[in-house]
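Visitor: I would like to learn how to read a few features of a protein model. Could you take me through them slowly?

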Amino acid sequence: MGRNGKAALARAAMSAVEPLVELFLELGVTSPEAESLLRSVFVHKARQWLANSSATTADPSDVRVSLVTGVHRNFVRRILAEPPGIAAAREQKGHPAGRVLEAWHSDPKYLDSSGKPRDLSEKDQEPSFHTLVLEHLPGASPGMVLAELHRAGLVQLLSEHRLRVRNRSFRMQGINPGNINEMGAQARELLETLTHNLRRPDAPRFCDSTRSIEIDAGRLPIIRDLIARRTGTFLTAIEQELTMLAGSVRSRRAGKRIRVGLTAVETER
Amino acid sequence: MTRRMTTRRSRLAVTAKSSDRIVLEALATELLGACIATLKTHGLSAGKLVELAARASAKQTSRKSAFSSVLAEAECLANLLNKWMENPKYRDATGRPAVLSLGKGAGRSFTALAREFFPAWSVVDVLAFGAKTRVIERIGRDKVAMINSTVLFTGNAPLILAHLVRSVRRLLGTGNFNRRAGSELLEGLPDRTSIVAVSDEEFREFVKFIRPQVSDWIEMSNRWLFQRSQSTKNKARNKREAGLQIFVFRD
């Protein structure tokens with residue numbers, strides 16, 4: 001294909017990809033994550049394409065896939081070892097605004113005396129959100145970062161230009177494929193535990209609830225805030241304790257590994 | 001024979017008593033030593049401490065002691081924060097303590113809280129005290145927000161010492177109660193310790209890990225006690241202060 005042909009193809013591909021990019025932006029998928037995803041799909045598809053067009057039944061070699069895709073064979077091997085997806089290294093970097101959220105939860109300047117993130121003034125009073133962004137995401141406009149975090153539902157705008165952080169990591173709130181996927185996973189985990197307990201009452205997994213308490217609907221924000229703060233602290237603590245326990249057990253004996261977790265859910269009726 | 005056994009028994013009893021006495025005196029010396037060592041760091045000389053110890057030993061110390069007056073202002077501030085946190089009227093739509101106005105009108109305002117808990121103070125002085133103890137901050141010219149629910153004494157030597165004296169008194173009180181309690185497991189007051197040798201870095205991590213838990217326990221305890229003390233059926237009863245105190249230590 002000549003240079004003109006490639007340019008025309010690029011224009012056509014751009015038109016096709018633009019709506020997808022818009023969707024990525026809405027879902028908080030960064031450019032490095034999208035590039036990693038595209039590369040992964042490209043490599044997997046190339047292998048399938050080569051296999052279909054080959055006269056033999058043998059899988060095409062990594063070197064051949066590398067030649068066709070222009071991706072180094074070491075990366076090809078790594079990419080093909082897993083289903084198509086965003087590379088962990090890219091995913092860990094996450095959304096740049098995530099650095100602001102992390103600092104808000106860990107930099108002592110932005111914590112209250114209980115070690116939890118404090119409400120911040122937008123910019124008039126120190127410590128402010130403005131300073132937080134300048135310190136932890138230099139080069140970014142605090143106003144733009146705030147707009148982005150608010151759009152993602154991660155920062156709550158309070159009266160008097162004060163801000164409250166709602167989550168430690170950058171994830172778009174609302175109905176989107178990622179959150180629907182997680183909802184499915186959580187529902188599956190709960191059902192698996194309940195089913196297990198029905199089948200194996202002799203070795204139950206923990207599943208317990210408080211008694212439902214009737215409250216004035218006007219006090220709901222207080223109750224939700226209380227449950228969120230108290231349970232959040234508890235879950236963080238139990239996660240650290242389990243991690244330490246898992247680490248110490250791993251060093252002593254290797255064997256079958258099981259993933260263990262704890263989910264807390266508020267109910268309202 | 002019988003006489004010889006009786007003599008031996010009484011000798012054993014005397015030995016046990018004198019041994020108990022030796023242990024008691026050694027522990028008393030250690031307790032006094034720990035107190036003296038801390039007081040010396042506050043600038044009191046050995047001679048002055050001997051004089052003060054003699055004075056303290058000669059008279060009965062009252063419950064209404066020096067620490068009460070030093071901590072009185074801090075307690076007023078703690079009570080003000082308690083009302084701001086616990087009274088639904090003082091919460092915002094999200095359930096947290098609301099940003100309050102400094103207006104003089106009736107109803108919900110910081111001025112109203114300041115007048116209730118610091119009747120002899122000006123609002124400006126209450127604001128300055130709250131800012132110094134890092135519990136509140138001014139928002140613009142006419143509003144104020146709660147930034148911490150705990151009155152912090154860090155860096156203030158007299159308040160820390162007064163707090164320490166009160167803590168020691170409470171600890172001794174719990175110890176005395178448990179000394180007299182029966183042998184049943186649940187008769188004593190809870191007094192638990194966790195202790196393991198760790199490095200400086202691990203200790204710092206531990207403090208970071210445990211700080212939110214400690215705050216939550218204190219908040220839960222405070223809420224339980226505050227709500228119960230406000231119930232009308234308990235108002236008339238004879239009351240004594242009770243609570244929970246948690247601290248991290250390193251030997």
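Guide: We shall go from a sheet to one residue beside it, and then to some backbone angles.

Guide: This is a predicted model, in which local features need pLDDT of at least 70 and side-chain atom pairs count only at pLDDT 80 or more, while totals for chains, interfaces and linings use all residues. Residues are numbered from 1 along each chain as its sequence is written, chains are lettered from A and ligands numbered from 1 in the order in which they are written, and side-chain values use heavy atoms, with hydrogens and water left out.

Visitor: In what order do the three strands of the open sheet in chain A lie?

Guide: Strands of a sheet pair through backbone hydrogen bonds, either parallel or antiparallel. Here the order is β1-β3-β2 in chain A, with antiparallel pairing, where helices (H or I, at least four residues) and strands (E, at least two) are DSSP runs numbered from the N terminus, and two strands pair if DSSP finds at least two bridges between them. The edge strands are β1 and β2 of chain A, each of which pairs on one side only. Between β1(A) and β3(A) there are two bridges, and L120(A) has L163(A) in β3(A) as its bridge partner.

Visitor: Where is D119(A), and is D119(A) buried or exposed?

Guide: D119(A) lies in the loop between α6 (97-106) and β1 (120-121) of chain A. With a relative accessible area of 17%, D119(A) is buried, because buried means under 20%, exposed over 50%, and partly exposed in between (1.4 Å probe, protein chains only).

Visitor: Which side chain makes a polar contact with the side chain of D119(A)?

Guide: A polar contact is a pair of N or O atoms within 3.5 Å; within protein, one must be able to donate a hydrogen and the other to accept it, and residues adjacent in sequence count only if both atoms are side-chain atoms. For D119(A), the partner is the side chain of R164(A), at 2.8 Å.

Visitor: What is the phi of E160(A), and that of H161(A)?

Guide: Most residues other than glycine have a negative phi, and most peptide bonds are trans. Phi of E160(A) is near 60 degrees, a positive value, and phi of H161(A) is near 55 degrees, also positive. E160(A) lies in the loop between β2 (155-157) and β3 (162-165) of chain A; at 30% relative accessibility E160(A) counts as partly exposed, whereas H161(A), at 57%, counts as exposed.

Visitor: Which peptide bond is cis?

Guide: The bond from E126(A) to P127(A) is cis, with omega near -5 degrees.
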